[in-house]
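Subject: Model for your files

Hello,

The model we spoke about is below, and my notes follow it. Please read them with the structure open.

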Amino acid sequence: MTFSRSHTRQMPRNRAIGRLKAGEMNKTESAYADHLKASQIAGEVALWWFECVGLKVAAKCHYYPDFMVLYSDGRTGIHEVKARNSAGGYRAEDDAKVKLRVCAEKFPFPLVVVWPKQGGFRSGWEREEL
């Protein structure tokens, strides 16, 4: 005897099933951390931190960027890592895009969104400064 579960809800394919615990990197973030390590060895980046700050966007609305980067020349920047979409840009929900734009306007440091180039992590990273 078999039973079907027609009442179960299917998650859309482009949505994450679950969130990782705070401080744990997903595969894309881990690959970008490797990129930052290489940039540190090359002397372009002095230091970087993963999920080290939270920014208050509005009342009851916070943004927790993936990486804070200290460049060798003393500048700082926020790097947000996203997946690549089918059109070649980065994939993000509308509310995340709004938070990114508001933070870019509100805070005095550059906010950079990075995502893998066509071909994956080994091909490099696309970037857009907001």
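How many of the six residues of S8 are buried? Six of the six are, so to speak, under cover: strand S8 is mostly covered. Buried here means under 20% relative accessible area, with exposed over 50% and partly exposed in between, using a 1.4 Å probe and protein chains only.

Some conventions before the rest. This is a predicted model, in which local features need pLDDT of at least 70 and side-chain atom pairs count only at pLDDT 80 or more, while totals for chains, interfaces and linings use all residues. Residues are numbered from 1 along each chain as its sequence is written, and side-chain values use heavy atoms, with hydrogens and water left out.

Overall layout

The protein chain has two helices and nine strands, in the sequence pattern α-β-β-β-β-β-β-β-α-β-β. Helices (H or I, at least four residues) and strands (E, at least two) are DSSP runs, numbered from the N terminus. Of the 130 residues of the chain, 30% count as buried. Among contacts (heavy atoms within 4.5 Å) with a separation of 6 or more, 46% are between residues 24 or more positions apart.

The sheet

Five strands make up an open sheet of mixed pairing, in the order S1-S4-S5-S8-S9. S1 and S9 are the edge strands with a single partner each, so one side of each has no neighbour in the sheet. On average, neighbouring strands are turned by 25° against each other, direction ignored. Two strands count as paired if DSSP finds at least two bridges between them.

- S4 and S5 are antiparallel, with four bridges; Phe67 stands opposite His79 of S5.
- S5 and S8 run parallel and are joined by four bridges; Ile78 stands opposite Leu111 of S8.
- S8 and S9 are antiparallel, with five bridges; Val112 has Glu129 of S9 as its bridge partner.

Back to S8: both of its faces are covered. Leu111, Val113 and Trp115 are buried on one side, and Val112, Val114 and Pro116 on the other.

The helices

H1 covers residues 27-41, 15 residues in total, and spans 21 Å from first to last C-alpha. That is close to the expected 21 Å, the expected span being 1.5 Å times one less than the number of residues. After the helix comes Gly43, with a positive phi near 90°.

H1 lies across S1, S4, S5, S8 and S9 and runs at about 160° to S1. H2 (residues 94-106) lies across S5, S8 and S9, at about 140° to S8. Axes are lines fitted to C-alpha atoms, for helices over the stretch in contact, and angles run from 0 to 180 degrees between N-to-C directions.

The buried residues of H1 are Thr28, Glu29, Ala31, Tyr32, Ala33, Leu36 and Ser39. Their cover includes S1 (45-50), S4 (67-71), S5 (76-81), S8 (111-116) and S9 (125-129). Thr28 has a relative accessible area of 17% and touches Val81, Lys82, Pro116, Phe121 and Trp125, leaving out residues up to four places away in sequence.

Aromatic residues

There are seven aromatic pairs. Rings of Phe, Tyr and Trp (its six-membered ring) pair if their centres lie within 6.5 Å; planes under 30 degrees apart count as stacked, over 60 as edge-to-face and the rest as tilted. Tyr32 and Trp125 have ring centres 5.0 Å apart and planes at 80°, so this pair is edge-to-face. Tyr32 is in H1 and Trp125 in S9, so the pair ties together parts 93 residues apart in sequence. Both are buried, Tyr32 at 2% relative accessible area and Trp125 at 13%.

Phe107 and Phe109 are stacked, because their centres are 6.0 Å apart and their planes at 5°. Phe107 is buried at 19%, and Phe109 at 18%. One aromatic cluster is formed by Tyr32, Trp48, Phe50, Phe67, Phe121 and Trp125.

Regards
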